[in-house]
Amino acid sequence: MNRTLIVIGLIIIAVGLLWPWLSRLPLGQLPGDIAVRRENVSFFFPVTTMIIISVVLSGLLWLLNR
């Protein structure tokens, strides 16, 4: 449990430090992301972005558990 908390903390710190560069990535604006904008309503569902993040996180967790 201690190792897991330390790894999660390090990941959060790394994301915080890399945020200026990560915010430039086109995540949330990829083909396959659903965006519906009407006069009074807007709906956004980032399907492709969620799949990419899921694959990356699954790979990282698989590497950490080896």
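Predicted model: local features only at pLDDT ≥ 70, side-chain atom pairs only at ≥ 80, totals over all residues.
Residues are numbered from 1 along each chain as its sequence is written, and side-chain values use heavy atoms, with hydrogens and water left out.

**Helix α1 and the overall fold**

- Helix α1 covers residues 2-22, which makes 21 residues, and reaches 28 Å from its first C-alpha to its last, close to the 30 Å expected at 1.5 Å a residue (the expected span is 1.5 Å times one less than the number of residues).
- The chain has two helices and two strands, which are DSSP runs numbered from the N terminus (helices are H or I with at least four residues, strands are E with at least two).
- Read from the N terminus on, these elements follow the order α-β-β-α.
- The radius of gyration, taken over C-alpha atoms, is 16 Å, well over the 11 Å that the globule rule gives for 66 residues, so the chain is more spread out than a compact globule (the rule is 2.2 Å times the number of residues to the power 0.38).
- Along its principal axes, the C-alpha trace spans about 50 × 25 × 20 Å.

**Pockets**

- The largest pocket has a volume of about 370 Å³; on a 1 Å grid over the protein atoms alone, a pocket is an open set of points where a 1.4 Å probe fits, with protein on both sides within 12 Å along at least five of seven lines, and lining residues have an atom within 4 Å of a point.
- A volume is the space filled by probe spheres set on the grid points, which are joined across faces, edges and corners.
- Among the 13 residues that line the largest pocket, V15, L22, L25, L27 and I53 lie nearest its centre, and α1 and α2 (47-65) each supply at least two residues of the lining.
- The lining of the largest pocket divides into twelve nonpolar residues, one polar and no charged.
- The second largest pocket holds about 220 Å³ of space, and its lining includes R3, T4, V7, L57 and N65.

- V47 has its place in helix α2 and counts as partly exposed at 27% relative accessibility, while V47 and W19, 28 residues apart in sequence, are 22 Å apart in space, C-alpha to C-alpha.
- F44 belongs to strand β2 (residues 42-45) and is partly exposed, with a relative accessible area of 42%.

How values were computed:
Nonpolar A, V, L, I, M, F, W, Y, C, P; charged D, E, K, R; others polar. Buried < 20%, exposed > 50% of the residue type's maximum accessible area, 1.4 Å probe, protein only.
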